[in-house]
Amino acid sequence: MIEVQNLTKYFKDFCAVNNISMTIRKGEILGLLGPNGAGKTTTLRMLTGYFRPNSGTITIKGLQMPKDAIQIKSLIGYLPESAPLYHNMLVYDYLEYVAKIKGIDDREKRYDRFLQLSDICGLSSIMDKPIADLSKGLKQRVGIAHAMMTDPEILILDEPTSGLDPNQIVEIRDIIKTIGKEKTIIFSTHILSEAEATCDRIAIIHNGKMVADDTTANLKLGAQQNSMIKLSLKGALKEDATSLLKSIHSDLDVKNVDPVEKDLVSFEITYSDDGSKNHDFRSDIYLKIKETDWIIVQLIKESQTLEKIFRELTREEA
Amino acid sequence: MKQIKTIAIKEFKDYFISPIAYIVISLFLIVTGWFFFSTFFIFGRADLRDFFSLLPITFSFIIPAITMRLFSEEKNVGSYETLLTMPVSFTDIALGKFFAATLFTASMLVPTLAYPIFISLIGEVDPGPVIGGYIGAIFLAAAYCSLGLFASSLTRNQIIAFIIGCALCFTLTILDKLLFFMPSKIISAIEYIGANSHFTNISRGIIDSRDILYFVSVIFIFIFSTSIVMHEKN
């Protein structure tokens with residue numbers, strides 16, 4: 001569907017995007033992650049034809065950028081960062097303008113599409129308001145309606161949930177997931193839980209370079225795993241419990257932490273888990289504690305989170 | 001073609017949504033009205049010659065004020081990105097904006113039609129120079145709009161766009177008054193580049209294809225340059 005090869009973009013001497021290649025299949029939801037200024041927006045802007053790359057090729061459905069730019073642009077629905085719109089227009093007038101430019105000439109068809117879009121994006125109450133009077137979240141919705149106007153095959157969204165309230169974030173995520181069943185979606189974000197919840201695949205960009213590009217599950221598997229067990233006990237003494245836990249296995253690193261509730265003793269037990277041993281220490285801990293008269297209140301295993309992978313990959317070498 | 005029309009109509013409406021249109025039109029009418037009528041009864045001639053001879057100067061200040069926002073505002077707000085990622089060619093965008101500005105200056109000239117109507121009540125008006133004058137005014141306005149559009153595409157700052165536009169338009173206007181500085185060999189070439197002589201010809205009622213070709217070439221060159229700037233800036 002989308003093929004990007006050796007994409008590079010310089011701003012004067014600054015290399016914003018450095019030799020990025022990726023392939024995006026039809027129906028995939030790709031999350032583009034990266035710290036601020038990593039080159040996410042620049043990459044998306046090159047995909048949409050707003051920036052011209054210094055080198056590298058972009059092929060979308062067999063069409064070449066920039067030779068077939070206009071055809072490619074009609075395949076893509078794009079929501080730029082912070083949804084820049086014409087402030088002096090009414091929402092309805094703006095949508096009408098966009099629909100006409102994007103080639104929906106039939107009046108009936110336009111109205112039908114507006115009805116669908118106002119349903120999906122929740123615009124019915126603001127259709128007659130000037131865009132300048134809208135809050136950031138509402139502008140974002142108008143921007144999403146703009147992007148989805150022609151029901152495009154590819155949606156490119158630059159930080160679609162920034163500035164939205166938690167309810168709206170959930171709504172937008174649902175929209176992305178629903179549309180993502182049939183369409184190809186690329187979106188950038190720096191909210192990791194969001195990427196984890198919505199994306200099939202995650203690409204992490206750092207300093208203009210692609211540092212990871214894989215499915216969410218594979219990313220977690222591939223990276224050096226450190227598992228952690230959170231344990232909270234009732235009726236135990238700190239020292240006794242620590243020595244007992246340490247006696248289970250020499251690999252375990254037992255750390256006493258602030259209790260989650262009053263009258264409890266809490267521990268974080270970390271151990272390296274390279275996947276081959278696949279040993280679950282939870283059962284060992286349970287069996288050991290069963291021998292005492294303590295009560296297990298909490299016993300959770302946490303595997304490595306995306307956040308940790310992200311931090312490892314994008315750490316500055318200072 | 002349809003997209004050019006859509007963009008032109010949207011930009012034209014934009015002028016009248018904001019107060020810019022009304023301010024610019026009033027300013028234009030006050031300035032031209034005062035300079036025209038302050039000497040009108042002294043000379044006692046029933047024609048619009050003074051009105052049209054003043055037009056190139058007023059246009060070189062008024063038109064950059066009209067065109068300065070066309071690209072600069074969009075670049076500043078960021079809607080430029082939205083516009084450029086829609087399936088429209090750069091030339092279509094430039095043409096749409098150009099037609100909107102030209103249409104606006106034409107509508108600015110409509111109230112001045114009152115002058116020939118009133119003058120015809122108090123004296124015999126020769127219709128030739130009046131019709132020629134308005135045709136010439138439209139061509140001149142269109143040429144200056146393309147200059148202003150080009151100036152606006154260069155920067156995201158509207159004030160800079162205005163000043164560059166003024167400088168370009170003013171240069172074209174006064175070029176034929178600077179001829180005594182020039183070496184004699186290039187005088188005729190420089191005179192051809194200046195807008196004034198072409199406009200004066202048309203406003204005398206002589207519609208010559210050379211003058212029309214001049215204005216069309218200026219429009220073409222600057223709209224083309226605008227689309228080149230749009231390409232290069234990305």
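This is a predicted model: local features need pLDDT of at least 70, side-chain atom pairs count only at pLDDT 80 or more; totals for chains, interfaces and linings use all residues.
**Hairpin.** I started with S12(A) and S13(A), which make a hairpin with 6 residues between them. In the turn, A:Asp263 has a positive phi of about 70 degrees. Strands here are DSSP runs of E of at least two residues, helices are runs of H or I of at least four, and both are numbered from the N terminus. S12 covers residues 253–257 of chain A and S13 covers residues 264–272 of chain A; they pair in the antiparallel sense over 5 bridges. I count two strands as paired if DSSP finds at least two bridges between them. I looked up A:Asp253 too: its bridge partner in S13(A) is A:Thr270.

Residues are numbered from 1 along each chain as its sequence is written, while chains are lettered from A and ligands numbered from 1 in the order in which they are written.

**Six-strand sheet.** Next I traced the open sheet of 6 strands in chain A, with the order S6-S7-S8-S3-S9-S10 and mixed pairing. Its edge strands are S6 (76–79) and S10 (209–215) of chain A, each pairing on one side only. The twist averages 15 degrees from one strand to the next. For angles, axes are lines fitted to C-alpha atoms (for helices, over the stretch in contact), and values run from 0 to 180 degrees between N-to-C directions. Inside the sheet, S3 (residues 29–33) and S8 (residues 184–188) of chain A run parallel, joined by 4 bridges. There I found A:Ile29 bridged to A:Ile185 in S8(A). Helix H11 (residues 306–313) of chain A lies across S3, S9 (201–206) and S10 of chain A, at about 30 degrees to S9(A). Contact between residues means C-beta atoms, placed from the backbone, within 7 Å.

**Four-strand sheet.** I then went to the open sheet of 4 strands in chain A, order S2-S1-S4-S5, with antiparallel pairing. S2 (14–24) and S5 (63–65) of chain A are the edge strands. Neighbouring strands are turned by 25 degrees against each other on average, direction ignored. S1 (residues 2–11) and S4 (residues 55–60) of chain A share 5 bridges, and A:Gln5 has A:Thr57 as its bridge partner in S4(A). Helix H1 (residues 40–47) of chain A lies across S1, S2 and S4 of chain A, at about 60 degrees to S2(A).

**Cores.** Which residues touch the most other members of the largest nonpolar core? Of its 128 residues, I noted A:Tyr94, A:Val142, A:Ala145, A:Ile156, B:Leu140, B:Ala143 and B:Tyr144. Helix H8 (residues 127–154) of chain B gives the largest share, 14 residues. Such a core is a set of buried Ala, Val, Leu, Ile, Met, Phe, Trp, Tyr and Cys residues joined through C-beta atoms within 7 Å. Buried means 20 or more other C-beta atoms within 10 Å of the residue's own, with C-beta atoms placed from the backbone. Leaving out residues up to four places away in sequence, B:Tyr144 touches B:Phe59, B:Ser60, B:Ile63 and B:Cys169. Another core, of 11 residues, lies apart from the largest one; A:Ile229 and A:Phe267 are among its members.

**Chain contact.** Last, I checked where the chains meet: 20 residues come from chain A and 19 residues from chain B. On the chain A side, H2 (69–75) and H3 (91–101) are the elements giving two or more residues.

Notes:
Two residues are in contact if their C-beta atoms, placed from the backbone, lie within 7 Å. A residue is buried if 20 or more other C-beta atoms lie within 10 Å of its own, exposed if 12 or fewer, and partly exposed in between; C-beta atoms are placed from the backbone.
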